[in-house]
There are 2 protein chains.
Amino acid sequence: MFTGLSAFPLTPTDETGIDERAFRKLVERLAAAGVDSIGALGSTGGYAYLTREQRSRAARIAVDAAGGIPVMIGIGALRTSDVLALAEDAQNAGASAVLLAPVSYQQLTDDEVFGLYEDVTAQLSVPLCVYDNPGTTHFHFSDELHGRIAALPNVGAVKIPGIPADRAATRIAALRSQLPDGVALGVSGDQLAAGGLNAGADLWFSVIGGLLPEECLAITRAAAQGDAARAVELSERMEPLWELFGRCGSLRVTSAAAEHLGLVGTPNLPRPLRGLPAEARREVAAALDALGVRA
Amino acid sequence: MFTGLSAFPLTPTDETGIDERAFRKLVERLAAAGVDSIGALGSTGGYAYLTREQRSRAARIAVDAAGGIPVMIGIGALRTSDVLALAEDAQNAGASAVLLAPVSYQQLTDDEVFGLYEDVTAQLSVPLCVYDNPGTTHFHFSDELHGRIAALPNVGAVKIPGIPADRAATRIAALRSQLPDGVALGVSGDQLAAGGLNAGADLWFSVIGGLLPEECLAITRAAAQGDAARAVELSERMEPLWELFGRCGSLRVTSAAAEHLGLVGTPNLPRPLRGLPAEARREVAAALDALGVRA
């Protein structure tokens, strides 16, 4: 399942709970578009803000709505005991894989992070994707640590932050040399994804792919067919969105875009998170209009 | 209550739960030593790793064991709705104040952090201490934002990170100029606390004060009596501990120190956190021995 486009939908949530109907529809859209896999309850899916019960229900909805397309479920939490419980729930919900970031409050040591993955992978019956996201976890993996963790049983993939195109090939080759054969290497950071795919990443874990799957599939397919220039050109068309991602954060921009497209209500982020201010929303709407994306 | 020494005890926790007996004893030791207040369920108290139920029980134990010394309870959580529930629990437990850090997964904006404090302070009947701890929250307060938040109803204090002695007076004066009269300003960062108190901070929020209250009270009292040199001298005697704090983290060092003193069992930190390796434990023991602290 760790190939092509892995699309990460929002989990529309307000102070009363998850909008399950809207969430189901978001996942159904991804399945209809033919994404390669769905990453539910990732950072874009707000996993960190939801209760165990909410996450279990959302996981079941995602698997059901995906109609056979493999679903990866985020199981991150501050405590190992909670991660183990969430892993069990995800597997019971029918997840094809789980996604785990080393969520932290106290800064974690390398040995603590290794211990977390050791404790969790020992209990799994589906592959785990190591989620390297220093922007939210503030933990920085060394390549050596990636290699140690990827050698644990049941590790299927590593999800790394975006890499500028001019360094992507070197970076991917260096990290891949630390990973066992068969462990996939995927890139995040939507604005840099075309470069990562062109440089040989196995897949793209995509935030905006959870909302605009056709546009992101076109980039992914061009790269897979060896048409690097086409992948870059298609990504450059999305530049107004990338600029907004950099300025306002990919979650808030994607939330506003989903609102603009009529797919979610307002608010759809759990407090203390807030939606974008009006001016930024107008820019999001203009970026979608320029792409020809209609509600 | 925002004066002198506010001592932050550990909440000894393993995979089976909180060691309530050991926690009660830690709080009773602080009360017997005569600390000015107790900060239960702070970062040192592992609040972020505990369930609502565990936090509610621990808050009740702390208030009971404190024997009339005011207790501040940490109410931080990722979601505003959880913070509000924790604030209610803390007040029902008899807290004299609550402590709130802008815990984050997605990086928060200034307006989101202001909104969090606005939502929470509106519901309080005890004072709130704003907990500025970029080491765990990765949120950086501007002085202007501190001023806006401190002007909200029920804000009683601001807890800031440590400041090097040569900049402490300037820093404290600058921030104090933004705070309304009556809002106390306290310092953290044990290794820098003597300098902060000598520079006019109202109180010291102390990690090691939760384990070694006499030593920390001596520093605090010297500074309060205007004997700055004595405060510095007493702090310098603790230098081996400060060095270990910098290298291994104050939580893990304090955990190992409490083990060495026979006050908590092993392990006493919730996974994925782990205790110190054997060599660092020996250094902690030697630092305590050099201070003349006996089990």
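Figure 1. Phe8(A) is buried, with a relative accessibility of 4%; the word buried applies under 20% relative accessible area, exposed over 50% and partly exposed in between, with a 1.4 Å probe and protein chains only. Phe205(A) is likewise buried, at a relative accessible area of 2%. In this predicted model, 10 aromatic pairs are counted over all chains. Such a pair consists of rings of Phe, Tyr or Trp (its six-membered ring) whose centres lie within 6.5 Å; planes under 30 degrees apart are called stacked, over 60 edge-to-face, and the rest tilted. Phe8(A) and Phe205(A) form an edge-to-face pair, with 6.2 Å from centre to centre and 85 degrees between the planes. The pair joins distant parts of the chain, 197 residues apart: Phe8(A) lies in the loop between strand 1 (4-7) and strand 2 (13-14) of chain A, and Phe205(A) lies in strand 10 (residues 203-206) of chain A. Helices (H or I, at least four residues) and strands (E, at least two) are DSSP runs, numbered from the N terminus.

**Figure 2. The ring pair of Phe8(B) and Phe205(B).** Phe8(B) counts as buried at 3% relative accessibility, and Phe205(B) is buried with a relative accessible area of 2%. Their ring centres are 6.2 Å apart and their planes meet at 85 degrees, so the pair is edge-to-face. Distant parts of chain B are linked in this way: Phe8(B) belongs to the loop between strand 1 (4-7) and strand 2 (13-14), whereas Phe205(B), 197 residues apart from it, belongs to strand 10 (residues 203-206).

**Figure 3. Lysine charges over the Phe8 rings.** A charge sits over a ring if NZ of Lys or CZ of Arg is within 6 Å of the ring centre and within 35 degrees of the ring normal. In chain A, the charged end of Lys159(A) sits over the ring of Phe8(A), 5.6 Å from its centre. In chain B, the charged end of Lys159(B) is placed over the ring of Phe8(B), 5.6 Å from its centre.

Figure 4. Gln91(B) lies in helix 3 (residues 80-92) of chain B and counts as buried, at 19% relative accessibility. Neighbours within four places in sequence aside, Gln91(B) is in contact (heavy atoms within 4.5 Å) with Gln123(B), Leu124(B), Ser125(B) and Val126(B).

**Notes to the figures.** Residues are numbered from 1 along each chain as its sequence is written, and chains are lettered from A in the order in which they are written. Local features need pLDDT of at least 70 and side-chain atom pairs count only at pLDDT 80 or more, while totals for chains, interfaces and linings use all residues; side-chain values use heavy atoms, with hydrogens and water left out.
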